[in-house]
Amino acid sequence: MFTTGFKFFFGIGVALVTAAVLYGYTTGGNWVGPISWGWKEGVGEHIGYGVLMFLGLAAMGIACTLIFFRDADPADQADYVGVEDIEPTMPVTGSFWPVIGAFGAGTMAVGLVLNTAIFITGLVIVSLVAVEWMMDAWADRATGDPEANRALRNRIMAPIEIPALGGAIIAVGVLASSRILLNASKLGAVVIAGVVAVIILAIGAMAANSIEFKINRNLISGLAVVLGVAILGGGVWATVEGEREFHEHEVHGSDSHEGDESHEGEDTDGEHDGEAEE
Amino acid sequence: MTMTDSPPATDTAPAVSSPAVAGLYDALTTTDHRRIGRLWLRTGLVGLLGAVVIGVLLGIESTDAASTDVFGGDNAYFQMWALYRIGLALLVAAPLFIGLAMVVVPMQVGSTNIAFPRAALGAAWGFMIGAGIMVVSVLAAGGWGATDRATGDERDAVALTLVGMGLVIISILLASMCIATTVISLRVKGMTLMHAPLFAWSMLVTAAVWLLTLPVLLANLVIAYVDLHNGPGTFGGGLNGSVDIYHQIAWLVEQPQVYAFAIPALGVLGSVVPVAAGVRAARHAVSLGLIGLFGLLAIGAWSQPFFQNDGAIPHDEQFLFIAFGLAAVLPVLGAMGGAGDTMAKGKDAIVGLPAAHLMGALGGGLLLLAGVAAGAVRVIEPLELGGSADAVEGIGTLAVSGVGNLVLFGAITAAVGGFWFWASKIGGHELSPMMGRLAIADLLLGGVLLGGAQVVSGFFDTVNDPRFVPTAEAADALAWISTAGAVLVALGALGVVAAIAGAVRRGPAGGDDPWGGQTLEWSTVDGVFTEPPALVTSEAPLLDRTELEPEVDSTEGEES
């Protein structure tokens, strides 16, 4: 009649509620206070009383859930749905999302203390993980065939994931590149931009002709990863180092030039550029 | 060994195996409960090594606190002391038992995997990240908020300690949810909760106690964080004058809550002893009840002296606190009595040196018993070990720490015993028995010296805060004994790690059922239910065939 799980949790619940009332009486509560949740008169030491009472009620809630589901006993579940045996649980496919979610949570934790931008970054990561995780969980149970489930999931998510990932890579690449170019000297920036463009062109050409010329795809992937890491690492380094020094030009003329002047200037080499040049 | 027990009767059913995975990619993405469990176990072992090193350094400073300065100032000394105490519970005992449970519990209940395996993996990584933030921030002058840490960058470090600890707790709660759900809803057909193996049951009880109480700690941390952020005293706690955040959350590592980290030790005891003795566990239902009762008495979130109003009845004189302290001895004593009874029935099977896993289980149980007994002594108000009548009101004497250390080292010793017992299921290895005996003996003796000396030191009014230098001469001698204990514990921890490293280097060995186990995990091959995935048909799956079919069993015993 009463299941083991119900007995355990209900027992704990009753014991804790009783303990709460006892605690209330023995720490200065009045007669009515501890049994009326403080509605009439005091409950004694209210922190301990409150914690005990709510933990007791929570345990009773769990107990009621357990007896409703008969401790999730497989035989009872099978009887309930009218089958001989409950199907064994489906294997769950591996996923990066738990790890990414954990890092997102860690980023949020650090950002909460140090920097709002870091916190928001973490929040975005955790939100993305939540969506992806839900989709994976749904797809795992969509059909009985793991391959079909994977195909179904990809058909829904790939049109969103691929453009989003591509956009993110481009955004990060552009941002990191801009930091590098702003940090480098004027001539250096031109050289870097040229070299990176040539490498990107070379990688693209290799990828496009990889089959015809039998170029190892791992080599292409490796080059792309090295370039990506170099741009990202350089961007982070350049952000920490800061931009090169810009000298503002003296302004002669109308106010309409002020906006340009704040962005255009002359670098440390003393070379001039921009419309405000004297 | 003589085999008198056998796994429960089962029917065949389609095999469902966990995916075989290898490599870094799979370590990051795996949903296999054994791999996830190993992540937790490795984290716990790293935590253990870190904790024992800090323990030795703390011991060295405590022997002559007035003139020795290992950590560079009183405040750093206090923060490392707090890290040691909190770390032993949250970063060592908890992950070790969660790791064991992730590996063993699904197999024990006949499931092919843990419930919510992705959440379990996320919890493992979240735990590692949170623990990293917590430890690094303490080393970066953070910690649990001594008064001179309240300004500038150090305030950020204190806040990072709080959020790191919060992440650790959330991860533990997530892992608890996975374990509890596995025991409740993934049991094989025929296995009611009443027939659940004792370790699985103990983890269900532990998970329930953690799920009920650790959110209260999370609330404590939020209060401390808001106080830290918005200025002292928003909620009346943290960094206001002479009070540290540590004392707001100290209930976690003091009785009764500290017992919550040792509940699985009773499960290990109940799983190991019958197998070592080669007989059926005596009075299974009583054992379930005792573990459940210990779980109830380990609920300590209500005991928060920090928030008590001035003029209220002192914490140590409250009826409920005393009742919980005294009653907690009973279930542990009962479990030890049950283990003794089981061993007496199977005394013929235990010859020569005891196996390492038996030493670990019994030693852990004895340390735990010593801890709860010391806890019972500590609540006897006239002894004033709680210190409510002392000059430093509310903090108590060193006996408070001593109780915590006895209990936590009992838990750790039992977990190490579990390592040796379930080694073939964790990684397919066989751990060196001799190394195990030595390491466990070190842990046991070290735990007794470390915790016991602190309990005795409490009688000499040594304050439970390292910033107060003890005045009694006896306290100095006891500090030396305690330090010797810390060194022994460190040697034990090193022995455990060395034995595991040696076993990993030697490669898989030991077979799937080296001890003649009685529960379902021993019917797996390489940790996987091949055939059958254990549909239990026996009405009492923990019963051995000795009772059900005596003639069959006697034959099996002869054969083996």
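Buried means under 20% relative accessible area, exposed means over 50%, and partly exposed lies in between, with a 1.4 Å probe and protein chains only. The legends below concern a predicted model, in which local features need pLDDT of at least 70, side-chain atom pairs count only at pLDDT 80 or more, and totals for chains, interfaces and linings use all residues. Residues are numbered from 1 along each chain as its sequence is written, chains are lettered from A and ligands numbered from 1 in the order in which they are written, and side-chain values use heavy atoms, with hydrogens and water left out.

View 1. A salt bridge here is a side-chain nitrogen of Lys or Arg within 4 Å of a carboxyl oxygen of Asp or Glu, and A:Arg153 forms one with A:Asp136, their closest N and O atoms lying 2.6 Å apart. The pair links distant parts of the chain, since A:Arg153 belongs to helix α6 (residues 146-183) and A:Asp136 to helix α5 (residues 116-140), 17 residues apart. Helices are DSSP runs of H or I with at least four residues, strands are runs of E with at least two, and both are numbered from the N terminus. Both A:Arg153 and A:Asp136 are buried. These two residues also belong to a network of salt bridges that links A:Glu132, A:Asp136, A:Arg153 and A:Glu161.

View 2. The side chains of A:Arg150 and A:Glu147 meet in a salt bridge with an N to O distance of 2.7 Å. Both residues lie in helix α6 of chain A, 3 residues apart, which is about one turn of the helix. A:Arg150 is partly exposed, with a relative accessible area of 38%, whereas A:Glu147 is exposed, at 52%.

**View 3. A salt bridge between a loop and a helix of chain B.** B:Arg283 and B:Asp341 meet through their side chains in a salt bridge of 2.8 Å, N to O. B:Arg283 lies in the loop between α8 (263-277) and α9 of chain B and B:Asp341 in helix α11 (residues 329-345), so the pair ties together parts that are 58 residues apart in sequence. B:Arg283 counts as exposed at 55% relative accessibility, and B:Asp341 as partly exposed at 28%. Over all chains, the rule gives a count of 6 salt bridges.

**View 4. The interface of chain B and chain A.** With contact meaning heavy atoms within 4.5 Å, 50 residues of chain B are in contact with 53 residues of chain A. The two chains bury about 4500 Å² between them, 76% of it on carbon and sulfur atoms, where buried area is the accessible area (1.4 Å probe) that two parts lose on being put together, summed over both. B:Arg118, B:Lys189 and B:Leu212 supply 17% of the area that chain B buries against chain A, more than any other three residues. The count between the chains is 1 salt bridge, which A:Asp140 forms with B:Arg118, the closest N and O atoms being 2.7 Å apart. On the side of chain B that touches chain A, the largest share, 9 residues, comes from α4(B). That side has 33 nonpolar, 13 polar and 4 charged residues, where Ala, Val, Leu, Ile, Met, Phe, Trp, Tyr, Cys and Pro count as nonpolar, Asp, Glu, Lys and Arg as charged, and the others, Gly among them, as polar.

View 5. Most residues other than glycine have a negative phi, and most peptide bonds are trans. The peptide bond from B:Gln255 to B:Pro256 is cis, with omega near 0°, and B:Pro256 is placed in the loop between α7 (245-249) and α8 of chain B. A:Glu41, a residue other than glycine, has a positive phi near 70°; A:Glu41 is found in the loop between α1 (4-26) and α2 (46-68) of chain A and is partly exposed, with a relative accessible area of 49%. B:Asp461, also not a glycine, has a positive phi of about 60°. The loop that holds B:Asp461 runs between α15 (433-458) and α16 (473-506) of chain B, and B:Asp461 is partly exposed, at 47% relative accessible area.
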